[in-house]
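Let's take a friendly walk through a protein model. Have a look at it first, and then we will visit a pocket and a pair of helices.

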Amino acid sequence: MGRRRRVHFPALSYRVLLAMCCALLVLCAATGAAMRASLTDYNSDIGALDALPFVVRPALKERLRLASDDEVLRQMTAAFGEDASLHSLAEGADALGISRQNLSDGAELVLTGTFAGKRTYGYQAFASEIEVTSVIKGSGVSVGDVIVVYEGFEVLEPGNFTGMGQFSTAREIVPAGMTPNSYGAGFLREGEEYLFFLNQKRDGAHEGASDAERRYCQINSPYGHVSLSVPSDSGQVRVSPILAEQGAGDERILLKEARRFDMFVTDETAKQVYLESCENLLAEYVVR
C-alpha cells in the first residue's frame, strides 16, 4: 500500500478569520434584505391583492339547507347508532355536512354590523373591522363599537400546502380552516350590512383588552354572516359547478371579481336554498 498523503491547510490568523466571518454576515444580510424586498405587502397594495387568483369552493345544497334539531338528531341516530349520544348537535351537524336551524345556540354573540372596508391580512385570515349596528344576543359590545371579525382566507403558493418555504412568486387565495368561507361564503363587501353569528377568539393575545377591542370568529356554518340585502339581490350569489368532479380541478377567478359575491354555490337549486334560508334567518333575527 502507498503512503497516505496528508494535506495541511494554512493556519488563518484571527484577523483573516474575523474578516471572513464579517463578509459572510454581510452576504447573509444582503440576501435576506433582497428576499424581503421581493415580497408583496398585500395590506398596502390592494391592486396586487385583487389581481391574485381566487380558488372557488362552492357549497352544495345539502350543506346550505337549515335542518331542525329534531332532524339533526334523527340523522345522527341513523348515522352513528348508539354513539350518537356522544356527539353534541353542533358536532353531529358538522359530521353529517348539514347546517342547523338554531344558529344562535352555537354563538356567544349575534349582531348586525357594517363592513367599512378596512381589513388586515395576517396568518391564514383577514381581520376585518365591523361597526356594530345592533346587538341581538350577547354582551360586551354596543351599537357604534368597532370590532374585528376574522374572514378565513389564506394567501398561498399554489401546490405548496405545507406552509414551509416559498419556491416561486405565484400566489393564490384559498378558503382556510373551519369557517363560513370553507362552505362557499365570500369576502365581506365594503359598505354592506350583515347579520353575524360570532364567538370570541381566544388566543391570549388580547386578554385584558376592552370588549370593543376583542376579536371574533364566525361560527362554523355557511351562515356565519348573512347580508341584509342578499334575499332581494340574487346577483350576489354565483353559481359555480364543482369542476373537480369533471377532472378539471378547482375553478379560479380574479379576487377583484370574487369580491362581488356573498356566496358561491354549485347549481341553481343550491342558490334557491341559500336565498330562502337567508330570508328565513333575517326574518327571525333582524327587525326591519
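By class, what residues does the lining of the second largest pocket have? The lining has seven nonpolar, five polar and two charged residues. Here Ala, Val, Leu, Ile, Met, Phe, Trp, Tyr, Cys and Pro count as nonpolar, Asp, Glu, Lys and Arg as charged, and the others, Gly among them, as polar.

This is a predicted model, where local features need pLDDT of at least 70 and side-chain atom pairs count only at pLDDT 80 or more, while totals for chains, interfaces and linings use all residues. Residues are numbered from 1 along each chain as its sequence is written, and side-chain values use heavy atoms, leaving out hydrogens and water.

Among the 14 lining residues, Ala125, Tyr150, Gly152, Thr179 and Cys217 lie nearest the centre of the second largest pocket.

Now for the helices.

| Helix 4 (residues 69–80) | Asp69, Val72, Leu73, Gln75, Met76, Ala79 and Phe80 |
| Helix 5 (residues 89–96) | Leu89, Gly92, Ala93, Ala95 and Leu96 |

The residues of this contact between helix 4 and helix 5 divide into nine nonpolar, two polar and one charged. The axes of the two helices (lines fitted to C-alpha atoms over the stretch in contact, with angles from 0 to 180 degrees between N-to-C directions) come within 10 Å and cross at roughly 65°. Helix 4 and helix 5 are therefore roughly perpendicular to each other (65 to 115 degrees).

Technical notes:
Helices (H or I, at least four residues) and strands (E, at least two) are DSSP runs, numbered from the N terminus. Angles under 35 degrees count as roughly parallel, over 145 as roughly antiparallel, 65 to 115 as roughly perpendicular and the rest as oblique. Contact means heavy atoms within 4.5 Å. On a 1 Å grid over the protein atoms alone, a cavity is a set of points where a 1.4 Å probe fits but cannot get out, and a pocket is an open set with protein on both sides within 12 Å along at least five of seven lines; lining residues have an atom within 4 Å of a point.
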